[in-house]
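The following exercises are to be worked through with the sequence and the three-dimensional structure at hand. Each task is followed by a solution in steps.

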Amino acid sequence: MMRIRRNPRAEREAAAVSGSPRARFDFGRRGSGGRLRRDPRQELATQSVRSGPRLRLDRSQRFLSGNPGANPVDRPEGPNRPEIVLVERPAFLVGVVPDAPGGRLSALDRQTIGAARLLAGRDGAVVVFAPPDCEPCGALGADRLLRLPECRAAHDPDAIVSAIHAAVQGLNPRHVLFPETVDGGDRARRLAVVSGESLFTDAELVSASSLLRAARGRRVEQRCAPARLITVAADAVAEYSGPPREAREIADGFPMANMPGDGGVITSQRIPADPATVPLGLADFVAAVGNGVTDLATFRRLAEALRATPGASRVMCDAGLMPRHSQVGASGTVLTATCYFALGISGAPQHLQGVAGCEHVVAVNTDLHAAMIERAGLAIVQDAQRVMPALLAALAQDNGGAA
């Protein structure tokens, strides 16, 4: 099959704009064998979204309709909106038991649902065994949602595992996945003992054909077929990024009344640790101070009011203003906190390495172009010395003047 050879001279002549005192060419028109040229200025204009008093650019779904300049905000209900994936009659089920502390799915919970999505493929369905207050998880890849009954002793591991065991017996999923955390790993091991099933822990590679993990000091790899019970290591599998799924809630189709007893536990209570004494590597909420803050007394009051573990940049620790064990960064402590609150920290590369694992970053700095401001999901371009008293006043107002 022959194709017509391009003639650049003819294309240039066809793109010439007549009536102009200077030689001008419009290459946006389709010439002989040419293609439509992108207009970056038009793309920026159509991607501008007003967020309060400022404009921002939203490029999240600009190629969804085949038009690079299309604005997704203007067509959320159009024909190109992603449709919800429905699985009416799944060939099998893959269960997920997330930690969901406080009803909120953590990053590892989302990754575990993504791993279950890989095992389910196109024919299977992912069912999440969630606590009663769990957030919606259809966008994360869940086809079904089963809310476990609220245990009489909410923090009794035996009662929780009994409910999970009853749900597994009732739905009979092909695989059940847990996050490899303190709570998730404990529940998976307890369920393996109760059910007599084999357990594959710390899976670092999950596919429909095999599981893989490191062993013997990461000198060898262990690979086997997918087991019934699996725990997924952190950052081993990416989160689900496909179209949203149904996450249809299913009723109790199995006898919860036949669950084993609560083991004699009448009631239980989770007592949070003092944030000031929690090591940085285990803290869930860290508030750190940098060289842009001079009033350390106000910072300590703010960290106490926020119930955050105090941290600091290397400059503050080298100057002796903050203890060495509070240093955040590659040369200090690498964080895995849910939220990191940086006050007056510009964001050196070593410091950014230390907060790379944080899910949410809030930064306060006077420099709009500081690296920490760019890293933050929420940025306040203001002097931290003025922000801290304002936050203390807001917290005192919310607590009725008790802060």
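A residue counts as buried under 20% relative accessible area, as exposed over 50%, and as partly exposed in between (1.4 Å probe, protein chains only). The model is predicted, so local features need pLDDT of at least 70, side-chain atom pairs count only at pLDDT 80 or more, and totals for chains, interfaces and linings use all residues. Residues are numbered from 1 along each chain as its sequence is written, and side-chain values use heavy atoms, with hydrogens and water left out.

**Exercise 1. Describe the chain as a whole: state how many helices and strands there are in it and what share of its residues counts as buried.**

Step 1. Helices (H or I, at least four residues) and strands (E, at least two) are DSSP runs, numbered from the N terminus. The chain has 10 helices and 17 strands.

Step 2. Of its 403 residues, 39% count as buried.

Step 3. A contact means heavy atoms within 4.5 Å. Among contacts between residues at least 6 apart in sequence, 56% join residues at least 24 apart.

**Exercise 2. Locate the salt bridge between Asp143 and Arg245, and decide whether each partner is buried or exposed.**

Step 1. Side chains of opposite charge can pair when their charged atoms come close. The criterion for a salt bridge is a side-chain nitrogen of Lys or Arg within 4 Å of a carboxyl oxygen of Asp or Glu. In total, the structure holds 16 salt bridges.

Step 2. In the pair Asp143 and Arg245, the closest N and O atoms are 2.6 Å apart. The pair links distant parts of the chain, 102 residues apart: Asp143 is in the loop between β4 (125–130) and β5 (144–147), and Arg245 is in the loop between β11 (229–232) and β12 (248–249).

Step 3. Asp143 counts as buried because its relative accessibility is 1%. Arg245 is likewise classed as buried, at 11%.

**Exercise 3. Which residues of helix α6 are buried, and what covers them?**

Step 1. In α6 (residues 296–306), the residues Leu296, Thr298, Phe299, Leu302 and Ala303 are buried.

Step 2. Viewed down the axis of α6, these residues fall within an arc of 155 degrees and therefore line one face of the helix. The arc is that of the directions from the helix axis to the C-beta atoms.

Step 3. Their cover includes β13 (285–289), β14 (309–312), α7, β15 (339–343) and α10 (384–398).

Step 4. Thr309 has its place in strand β14 and is buried, at 4% relative accessibility. Leaving aside neighbours within four places in sequence, Thr309 is in contact with Pro275, Val278, Leu280, Ala283, Phe285, Val286 and Ala287.

**Exercise 4. Where do charges sit over the rings of Phe92 and Phe200?**

Step 1. The criterion requires NZ of Lys or CZ of Arg within 6 Å of the ring centre and within 35 degrees of the ring normal.

Step 2. Arg174 lies over the face of Phe92, 3.7 Å from the ring centre. Over the ring of Phe200 sits the charged end of Arg213, at 4.3 Å from the centre.

**Exercise 5. Where do Asp202 and Ala247 lie, and what is the phi of each?**

Step 1. Most residues other than glycine have a negative phi, and most peptide bonds are trans.

Step 2. Asp202 has a positive phi of about 55 degrees; this residue is in strand β7 and is partly exposed, at 34%.

Step 3. Ala247 also has a positive phi of about 55 degrees. Ala247 is in the loop between β11 and β12 and is buried, at 16%.
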